[in-house]
Amino acid sequence: MANAFHYSIGRKLIQAVSGAFLIVFLLLHVTINLFSVIDSFTGKFGAVADDDTLFSHGDGLFKLGCDFMSTSFIDIMVPILALGFLVHIVYGCIISYKNVKARGGLKRYESKSVAAADSWSSKNMFVLGIVILGLLFFHLSHYWAKMQMPELFGVGNFENDPYKLLTVTFGSWWMLLIYLVWFVAIWLHLCHGFWSMFQTVGWNNQVWFKRLKVIGVVVATLICLGFAAVAVNAFVQANFIS
């Protein structure tokens with residue numbers, strides 16, 4: 001038992017648990033971001049109080065959501081989230097390497113296994129992970145580095161207006177396109193990762209296997225359509241309304 005996590009099932013279990021943790025974070029993140037879309041319909045888009053205190057009267061819903069992300073509880077969760085990402089990335093690399101090695105190199109997907117034959121995304125989870133990781137750093141430089149990093153580490157200039165960050169980031173069509181491509185990559189990664197996560201913990205009978213695939217597509221679609229709606233709305237606000 002002490003060496004259980006050195007074997008395939010142990011590595012996949014760690015990958016599944018860290019993946020579940022990240023899905024929960026994505027659901028929270030997209031919910032708060034969608035507040036900016038709601039603000040557009042209520043006339044509160046861009047509503048930021050003059051003071052820097054949290055939860056100021058007159059702030060838009062999205063600003064209040066960002067204030068929640070600046071609370072002490074979230075500050076404690078940041079290193080845990082970072083660790084979750086790191087674990088997911090490291091074990092993803094290990095699992096991909098082991099799969100390549102076990103299946104005879106780059107021709108590994110000639111296998112007739114269910115996972116290999118399921119979809120394009122199941123065959124390219126590592127590639128999708130690299131794309132997502134690369135654009136994640138790009139994304140962090142636009143938001144986390146300007147809102148949370150200055151507060152946590154005293155590095156950089158703090159931006160108190162999240163609406164401004166949205167419109168500046170998504171104001172250019174090419175930036176919007178880059179992010180939309182990123183959301184598609186996340187969607188593909190989630191569609192396979194969701195049911196694979198449950199399969200790892202034993203929910204792989206014929207009935208639930210099919211259901212989890214459908215649920216996975218629904219969850220991935222809701223998350224990525226939500227992020228896409230936020231990006232497109234910010235583009236519209238920056239170019240046609242503001």
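The model is predicted, with local features needing pLDDT of at least 70 and side-chain atom pairs counting only at pLDDT 80 or more, while totals for chains, interfaces and linings use all residues. Residues are numbered from 1 along each chain as its sequence is written, and side-chain values use heavy atoms, leaving out hydrogens and water.

The protein has 11 helices and zero strands, where helices (H or I, at least four residues) and strands (E, at least two) are DSSP runs numbered from the N terminus. Of its 242 residues, 39% count as buried, a term that means under 20% relative accessible area, with exposed over 50% and partly exposed in between (1.4 Å probe, protein chains only).

The largest nonpolar core has 47 residues, such a core being a set of buried Ala, Val, Leu, Ile, Met, Phe, Trp, Tyr and Cys residues joined through side-chain atoms within 4.5 Å.

Leu190, one of the residues with the most contacts inside the core, is in contact (heavy atoms within 4.5 Å) with Ile23, Leu26, Ala220 and Ile223, leaving aside its neighbours within four places in sequence.

On the surface, Val17, which lies in helix H1, counts as exposed because its relative accessibility is 52%.
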